[in-house]
Amino acid sequence: MAIRFGKKQKGEDEAERTSVLWETLTRMVKSPSAKIGTFLFAFIVIVCILAPVIAPYGVNDMDLLHLKEPPTLAHPFGTDALGRDLLSRLLYGGQYSILLGLCASLFGNGVGVVIGCIAGYFGKTTETIIMRVMDVWASIPGMLLCILVSTVLGSGFFNTVLALSIGGVPNGVRMTRGQILGERSKEYIEAAQSINCSKASIMFKHILPNVISPTIVGTTMGIGGTITMAASLSYIGLGVQPPTPEWGAMLADGRSSMLTLPHLIMFPGLVIACFVLSINLMGDGLRDALDPKLRS
């Protein structure tokens, strides 16, 4: 009888998790802002992935007869100072910019979750030391910290990811630690301790799945800000460098001609704004879908 009850309980837990996931997806589908954000995000990602197929020109193909040309039928977004098609470079550049934002946000928040779990679960001296270090860390402005790291390590894709990731760690630590403080005294934690589960198992297998929702939302919302900061680093010459067609680097290329050739900064800026908007709309919808207060 006990074995049958255990199997039934396991099946009920799986059904409950499936039900919560389905309810979350349903709520996101019903949210107009989430639908718009998801559609816009998917559109930008898909066209950037298909850049080798749909781009009208190669990423570094130069048309010396049409240098700094405004938008035309042959070049819908115009050309830059070297005669390269701006539309093609934006499509290829999305592959770098989107991957940069995703990697930096996931890595920074992932490190923050691990450290936050340790601080929240062990408490006492461990928590005090970690949180004081995070206070000092967070006191440095994010952009300044990125500039310092980029200056020391140099430009390049990997170094830019590392620089952007470092600034997001304190927020991930604080968010995870705050959630775990409310969970570590609950009965299921005492039950896990009573059967000699390891501390790592309790933190990452039992507690973390119950507090991960705010972190997921925070990570999603952080991607847009990370991409904006990456563009800012490239704009001041510390991020991904030319000839790599990163969106921020393209903005930097056009800053010297922004008055005479506004299309050189208008189209990269518009693409960045649309992508950040899509991320924010998706994050708002995901936050509302995961909010337990809105569940019936």
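Predicted model: local features only at pLDDT ≥ 70, side-chain atom pairs only at ≥ 80, totals over all residues.

Student: Fine. Where do R132 and D135 lie?
Tutor: Both are in helix 5, three residues apart, which is about one turn of the helix.

Student: And how should I read charged pairs like that?
Tutor: In general, side chains of opposite charge can pair when their charged atoms come close. The cut-off here for a salt bridge is a side-chain nitrogen of Lys or Arg within 4 Å of a carboxyl oxygen of Asp or Glu. By this rule the count comes to five salt bridges. R132 and D135 form one of them, at 2.9 Å from N to O. R132, D135 and R174 are linked in a network of salt bridges.

Student: Are R132 and D135 buried or exposed, or in between?
Tutor: Here the scale is relative accessible area: buried means under 20%, exposed over 50%, and partly exposed in between (1.4 Å probe, protein chains only). R132 has 45% and is partly exposed; D135, at 31%, is partly exposed too.

Student: Which residue does E127 meet in a salt bridge?
Tutor: That's R177, with 2.6 Å from N to O. This pair links distant parts of the chain: E127 sits in helix 5 (residues 124-139) and R177 in helix 7, 50 residues apart. E127 counts as buried because its relative accessibility is 11%, while R177 is partly exposed at 25%.

Student: What does K186 pair with?
Tutor: K186 forms a salt bridge with E183, and their closest N and O atoms are 3.1 Å apart. K186 is partly exposed, with a relative accessible area of 38%, whereas E183 counts as buried at 12%.

Student: Let's move to helix packing. What should I look at?
Tutor: Two packed helices are described by the angle between their axes and the distance between the axes. The axes are lines fitted to C-alpha atoms, for helices over the stretch in contact, and angles run from 0 to 180 degrees between N-to-C directions. Helix 5 and helix 7 pack at an angle of about 145°, with their axes 9 Å apart. Their crossing is left-handed (the near helix is turned anticlockwise from the far one by less than a right angle; clockwise would be right-handed).

Student: Which residues of helix 5 and helix 7 make the contact?
Tutor: With contact meaning heavy atoms within 4.5 Å, helix 5 brings E127, I130, M131, M134, D135, W137 and A138, and helix 7 brings I166, V169, P170, V173, R174, R177 and L181. They divide into 10 nonpolar, no polar and four charged. In that sorting, Ala, Val, Leu, Ile, Met, Phe, Trp, Tyr, Cys and Pro count as nonpolar, Asp, Glu, Lys and Arg as charged, and the others, Gly among them, as polar.

Student: How do helix 4 and helix 7 cross?
Tutor: Their axes come within 5 Å and cross at roughly 35°, and the crossing is right-handed. The contact residues of helix 4 with helix 7 divide into 20 nonpolar, 10 polar and one charged.

Student: What is S165 in contact with?
Tutor: S165 has its place in helix 7. Leaving aside neighbours within four places in sequence, its contacts are C103, A104, F107 and G108. At 2% relative accessibility, S165 counts as buried.

Student: Last topic: the aromatic rings. How do I read those?
Tutor: A pair of aromatic rings is described by the distance of the centres and the angle of the planes. Rings of Phe, Tyr and Trp (its six-membered ring) pair if their centres lie within 6.5 Å; planes under 30 degrees apart count as stacked, over 60 as edge-to-face and the rest as tilted. By this rule the count comes to four aromatic pairs. The rings of F77 and F267 have centres 4.2 Å apart and planes at 5°, so this pair is stacked. F77 is in the loop between helix 3 (51-54) and helix 4 (86-122), and F267 is in helix 11 (residues 263-290), 190 residues apart. F77 is partly exposed at 23% relative accessibility, but F267 is buried at 13%.

Student: Why is the pair of Y121 and F122 edge-to-face?
Tutor: Because their planes are at 85°, with the ring centres 5.4 Å apart. Ring pairs also link F41, W247 and F275 into a cluster.

Conventions. Residues numbered from 1 in each chain as written. Heavy atoms only, no water. Helix = DSSP H or I, 4+ residues; strand = E, 2+ residues; numbered from the N terminus.
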